[in-house]
Amino acid sequence: MEIEVLIVPGCPNEQTVADQLRRALDDIGLCETGFTTRVIADQTEAERDGFTGSPTILVDGRDLFTEPGRPPGLACRVYRTPQGLAGAPDAGQLRRALTAVADASPH
């Protein structure tokens with residue numbers, strides 16, 4: 001499982017999403033699974049990578065929280081969480097999304 005967090009320069013939610021992602025991976029028994037962070041610096045790169053806001057979490061190249069119809073662009077991303085709108089998904093949302101991907105992957 002290859003995990004990448006895409007952000008814009010200076011993303012205010014970079015540390016929050018990194019902490020939530022690490023917690024979720026540990027919670028589901030993927031303690032050895034790491035992730036990388038990549039900065040999306042311009043609109044051309046955003047369009048090429050289908051980047052729809054910072055932070056975006058990709059697993060094997062697929063956006064865990066894709067929103068159909070959302071255009072690519074350099075912007076902050078807002079997630080709907082049980083606690084309300086936030087700059088990153090909460091650990092529970094990440095656990096569920098990561099578990100679904102892990103369960104669907106061939107072993």
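Gln20 is buried, with a relative accessible area of 15%, where buried means under 20% relative accessible area, exposed over 50% and partly exposed in between (1.4 Å probe, protein chains only). The model is predicted, so that local features need pLDDT of at least 70 and side-chain atom pairs count only at pLDDT 80 or more, while totals for chains, interfaces and linings use all residues. Residues are numbered from 1 along each chain as its sequence is written, and side-chain values use heavy atoms, with hydrogens and water left out.

**Exercise 1.** Determine in which element Gln20 lies and which residues Gln20 touches, not counting residues up to four places away in sequence.

*Solution.* Gln20 lies in helix H1, helices (H or I, at least four residues) and strands (E, at least two) being DSSP runs numbered from the N terminus. With contact taken as heavy atoms within 4.5 Å, and with residues up to four places away in sequence left aside, Gln20 touches Pro89, Asp90, Ala91 and Leu94.

**Exercise 2.** Describe Leu94: is this residue buried or exposed, and which residues does Leu94 touch, not counting residues up to four places away in sequence?

*Solution.* Begin with the location of Leu94, which is found in helix H3. Its relative accessible area is 0%, and Leu94 is therefore buried. Again without residues up to four places away in sequence, Leu94 touches Gln20, Leu21, Ala24, Ile57, Leu64, Phe65 and Pro89.

**Exercise 3.** Work out how the axes of H1 and H3 cross, and which residues of H1 and H3 meet.

*Solution.* The axes of H1 (residues 14-27) and H3 (residues 91-104) come within 8 Å and cross at roughly 50°; axes are lines fitted to C-alpha atoms, for helices over the stretch in contact, and angles run from 0 to 180 degrees between N-to-C directions. H1 and H3 are therefore oblique to each other, since angles under 35 degrees count as roughly parallel, over 145 as roughly antiparallel, 65 to 115 as roughly perpendicular and the rest as oblique. As for the residues, Gln20, Leu21, Arg23, Ala24, Leu25 and Asp27 in H1 meet Ala91, Leu94, Arg95 and Leu98 in H3.
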